[in-house]
Amino acid sequence: MKRLWLILAMFLICVPAIPDDGRMFLRNISKTPDLETEHAAIKMMGLYIPAQSSAGELTPVEYYDALGALVETKGYAKPLLGFYTDGKVEHVPDIGFSGHGKRDYFAALSLDDGTTYKRKNLSNSAKLSSIKLGTGRNKVKYPGDVIGTSATVSGNRVFAAWASRYCDTGKPSYTLTDDERDALAAYLGIDADDLYLADMFSVAGSQGYSDFADEGYPQVGLVPYACLWTARGTLEQDEDTGLYDVIWRQAERITSGRRDVNRVQVAAAPNAGFVVTWQEDPDGLRPGQGEGPGAGWSGAIAHQQTDIWYAYIAWNHFDKVQTSDSDPTPILYSDYTESTMPKVAIPMSMPMRLTDNAQCKAVQQYDSDGNLLDPYCYEDFDGNSVADFCAGAVDWTNPGGTTLNLCQTEDGRVLWGRTAATRARVKMHPYDKNGGGPPYGAWVVIAYEETKALGEGSEDTAEEPIDIGKNVRYQTFDMYEPELVQQGLMLNQPARDYLTGDYFELAEDDWGNEFYETEIARRASLLTQPVGKAVASVSGLVAMPLFKQGIINQGGPSDIMARRFVLPSGFDPLTDNPFAYENMVCGTWEYTDGSNPIYLHGLCKDSPINLSANNILTCDLFATPEACVDNFPWEGGEAEPGSFPSVLQWVQAADSLDDESWENPFDVAKGHRGYLDGDNIMMMYAWSPNWQANAVGHDKYNLYVRRSFDGGLNWTTTPADLGGEGTCHVENYLDTSVGDEGAVETCYASGEFEQARNVSQLVGTHITVLDPRFANTPGGFKNLLCYDETANDGNGGWVNCGYSGVPDEGPPYDSDVRDPSHFFIVYETGDNTTTVEGEATPLDLFFSRTNQYGDEYDYIEFYKDGEIVLGFDWLEHDSDVHASEASVLTNPAGTFFYAAWNQWQEDDDENIFDSDAWVRRIMYLDYDVPTTPVDADGDGYFVNVEPFDCDDTDASINPGAIDKGGKFRDGIDNDCDGIIDG
């Protein structure tokens with residue numbers, strides 16, 4: 001698609017006023033323009049090492065302002081890790097399939113604050129194959145394509161996970177011999193049949209595949225199921241050179257490919273360990289109805305029996321490696337003497353099912369080799385001589401007319417295999433499990449969406465359930481004691497009749513259990529915070545999961561809902577789970593006695609907090625807001641052309657927080673994210689006043705921000721005790737009679753209720769907001785810590801590694817003093833004219849930093865139609881490229897901002913080229929840098945006016961120069977594009 005020259009309606013010429021006080025600092029970390037780069041991400045270790053280049057030279061990092069003046073030199077740097085996938089891709093035209101690819105997963109390490117990077121291929125599977133697809137002589141090897149990734153860091157450790165269509169080698173736990181399992185069990189001090197080592201969930205098996213001709217997409221053809229892989233790395237110092245590097249272990253395969261892996265997520269808790277979650281579909285991911293890009297296909301859905309899975313590795317086992325290839329004895333890397341890449345000595349735990357969507361048959365099933373299938377169904381986990389998940393048996397006739405004898409669990413659930421859990425989000429937080437030292441525990445929190453598959457009992461076995469759609473569920477547990485095959489707490493509430501406000505009549509499932517109909521709830525997002533912050537807060541808020549909820553159908557109108565989890569009185573941080581189900585704030589609970597197997601954790605009948613609700617003031621076809629709502633097509637059918645009203649003006653009031661989603665059935669929200677910081681909350685979402693028009697590109701999303709300073713009870717401007725002085729912001733209504741082109745400015749006093757703030761300020765319908773991101777300031781950075789097994793009376797612990805130059809106490813630099821009043825926001829724009837074909841095509845990325853906890857934003861001046869306007873700064877600064885999926889982070893003071901993103905170009909036929917992963921470092925100074933255009937070398941390019949001159953002492957180096965390559969390579973970035981020698 002030809003790129004639109006409408007950047008933000010859009011800002012075409014910049015004037016010299018930029019939030020970035022340094023010279024433009026861009027780096028291409030993949031440098032593979034002939035390959036397709038995706039899944040760009042950036043992580044930072046919270047510690048310092050002596051700064052060194054990727055070539056292995058100790059090199060202090062120099063920071064220059066926009067005029068080229070040296071403002072600071074730092075001898076120590078925080079390790080940065082960029083991640084991305086790269087490879088050739090064969091696309092399938094006109095649908096959102098991610099393509100048949102040969103992609104690998106890479107990590108790029110920088111030890112000089114992003115100046116240089118050293119790349120490492122973590123997967124190394126693009127040229128490998130584990131399966132042949134086709135028939136007869138037409139069978140061909142399918143490459144090990146990487147399709148989904150996730151990574152995290154904690155201390156000096158980095159943990160990466162990915163889904164790959166290569167399902168061979170990697171030494172998964174289920175392939176251990178009996179002798180290997182016995183030896184490992186003895187080392188860990190557990191039984192060989194412990195869940196950590198035993199394949200209770202039928203992980204082992206042959207790799208499967210999908211034939212998408214059966215799904216209506218013959219042009220896609222055959223696609224193998226994906227496997228889960230992980231890789232571990234630790235930052236290590238070379239004793240001979242004193243230099244540092246991340247030493248990666250050989251990649252570890254976790255699953256077999258008998259089910260299709262998707263939606264990989266990882267999390268870490270210092271001194272506790274690392275976890276990974278994913279969804280597994282027994283029949284492969286099923287394409288949705290949309291045609292846009294994204295993980296899976298646009299609107300991709302799961303087959304029934306899809307579950308959320310889990311595996312973990314303890315902190316004190318993470319960095320152990322094998323003595324040698326032939327000797328599996330666990331040792332520290334510092335004792336490793338081999339020259340080859342080390343192998344992990346302690347594998348990840350065997351994969352475990354968290355959710356209860358798979359079917360368990362009452363009569364035990366065996367494979368052709370005589371092995372019991374799904375042994376977990378018949379296991380007595382709690383030791384009461386009754387199988388936990390097959391305590392009884394019931395007959396059930398499925399919609400196809402087949403009667404099955406199924407397991408019924410001890411708590412009354414029938415494992416009938418009619419539901420599917422997807423899109424899990426995971427967070428974890430450590431706690432002092434042992435009251436004084438390691439090993440520490442960690443609380444895991446997971447939220448996901450799950451299909452309902454409920455309905456009234458009926459003699460007509462072909463009848464579909466009446467309660468369609470999804471619910472959002474929530475689970476929590478100690479990382480070492482996961483909840484297996486469980487039902488999560490349902491976060492969304494029972495639906496109400498929009499005509500009466502009453503709950504709909506209770507229905508019954510096929511076994512007489514009552515249940516409420518619900519609206520469609522999906523896309524969970526987890527806002528959590530450390531236990532210590534919640535304990536120290538006034539509100540006691542520890543978690544606030546967000547989700548979309550709405551009526552009618554997928555892609556229809558929806559609001560962003562929230563639930564609050566608050567510490568109870570008498571909370572004991574040594575033993576009590578702060579994220580426990582009963583800690584969800586709710587005034588009206590039902591079924592808390594466990595009597596209803598559909599609601600084992602109880603059901604909250606209170607409406608969630610509606611954070612995006614708006615009251616309609618005017619619409620274009622009717623005289624009153626009530627008439628607008630009354631003429632909404634409630635039954636879900638298409639309205640007659642021209643009869644669907646458009647909302648022109650709206651208002652958000654304090655009492656809107658209690659609104660049901662249907663009180664304004666026209667608006668739609670998505671992209672909900674945010675963070676908790678004690679009593680302070682920042683959350684944001686993309687919102688459009690007109691769902692139907694927006695779905696075909698006739699309206700657009702803007703990005704909105706909301707804030708609370710009392711744990712989510714009230715949503716206000718910054719209170720005076722935090723330095724708030726009040727703020728003003730503008731909303732652009734479609735009703736032009738209310739102000740100049742519909743723009744209305746509203747001012748608020750400090751601590752006053754504030755409606756959601758429109759920070760993107762998009763007007764017209766050509767550009768829309770796609771995928772917002774944020775970065776809040778983290779805690780301060782530490783000296784480099786090393787793990788010493790002899791510390792803490794032989795229990796192991798972290799000690800200072802002992803290098804000079806950084807004090808043992810206090811922050812190494814002023815920038816490490818946290819300023820919680822700053823946070824960063826990035827939003828992605830899209831070409832709204834392509835929305836009718838699927839999702840909008842990504843265009844650009846824009847960013848800003850806040851002050852006073854979000855009362856004020858840093859803006860850049862742009863020329864628009866001959867006038868100067870203010871807006872977010874342009875992140876990639878190149879009108880020829882597409883950019884998307886930003887990953888962002890900042891330092892404790894909010895004075896350095898880092899962003900990684902995918903960037904590419906397209907020709908008129910939508911062929912992709914110059915696709916790479918880019919990183920930008922942005923510096924804020926505590927003084928104003930002069931903005932008078934400066935051109936010291938007289939080459940016509942300036943150091944502080946775009947396009948920026950990266951060397952104002954040499955007239956041959958500027959954005960208009962040609963970067964030398966081939967035999968003319970000179971080691972200089974001649975054209976100032978961040979790439980040396982082409």
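Me: What makes Arg232 count as lying over the face of Phe318?
Reply: In this predicted model, Arg232 is placed at 5.7 Å from the ring centre of Phe318, and because a charge over a ring requires CZ of Arg within 6 Å of the ring centre as well as within 35 degrees of the ring normal, the distance meets its part of the rule. Arg23 is likewise listed over the face of Tyr64, at 5.8 Å from the ring centre.

Me: Why is the pair of Tyr312 and Tyr480 called edge-to-face?
Reply: The ring centres of Tyr312 and Tyr480 lie 5.8 Å apart with the planes at 80°; since rings pair if their centres lie within 6.5 Å, and planes over 60 degrees apart count as edge-to-face, both conditions hold. A search of the whole structure finds 48 aromatic pairs.

Me: How do you know that this pair ties together parts that are apart in sequence?
Reply: Tyr312 belongs to strand β22 (residues 307-314), whereas Tyr480 sits in the loop between β30 (470-478) and β31 (489-490), so the pair ties together parts that are 168 residues apart in sequence.

Me: What makes Tyr675 and Phe823 an edge-to-face pair?
Reply: Their rings are 6.0 Å apart centre to centre, with 70° between the planes, and the label follows because the limits are within 6.5 Å and over 60 degrees. Tyr675 is in strand β44 (residues 668-677) and Phe823 in strand β54 (residues 823-831), so this pair ties together parts that are 148 residues apart in sequence; both residues are buried.

Me: How do you know that Cys360 and Cys377 form a disulfide, and why is it called left-handed?
Reply: The S to S distance of Cys360 and Cys377 is 1.9 Å, and a disulfide is assigned because the rule asks for sulfur atoms within 2.5 Å. The torsion about their S-S bond is about -70°, so the disulfide is left-handed. Cys360 is buried, with a relative accessible area of 1%, and Cys377 is buried with 1% as well.

How values were computed. Residues are numbered from 1 along each chain as its sequence is written. This is a predicted model: local features need pLDDT of at least 70, side-chain atom pairs count only at pLDDT 80 or more; totals for chains, interfaces and linings use all residues. Side-chain values use heavy atoms; hydrogens and water are left out. Rings of Phe, Tyr and Trp (its six-membered ring) pair if their centres lie within 6.5 Å; planes under 30 degrees apart count as stacked, over 60 as edge-to-face and the rest as tilted. Helices (H or I, at least four residues) and strands (E, at least two) are DSSP runs, numbered from the N terminus. Buried means under 20% relative accessible area, exposed over 50%, partly exposed in between (1.4 Å probe, protein chains only).
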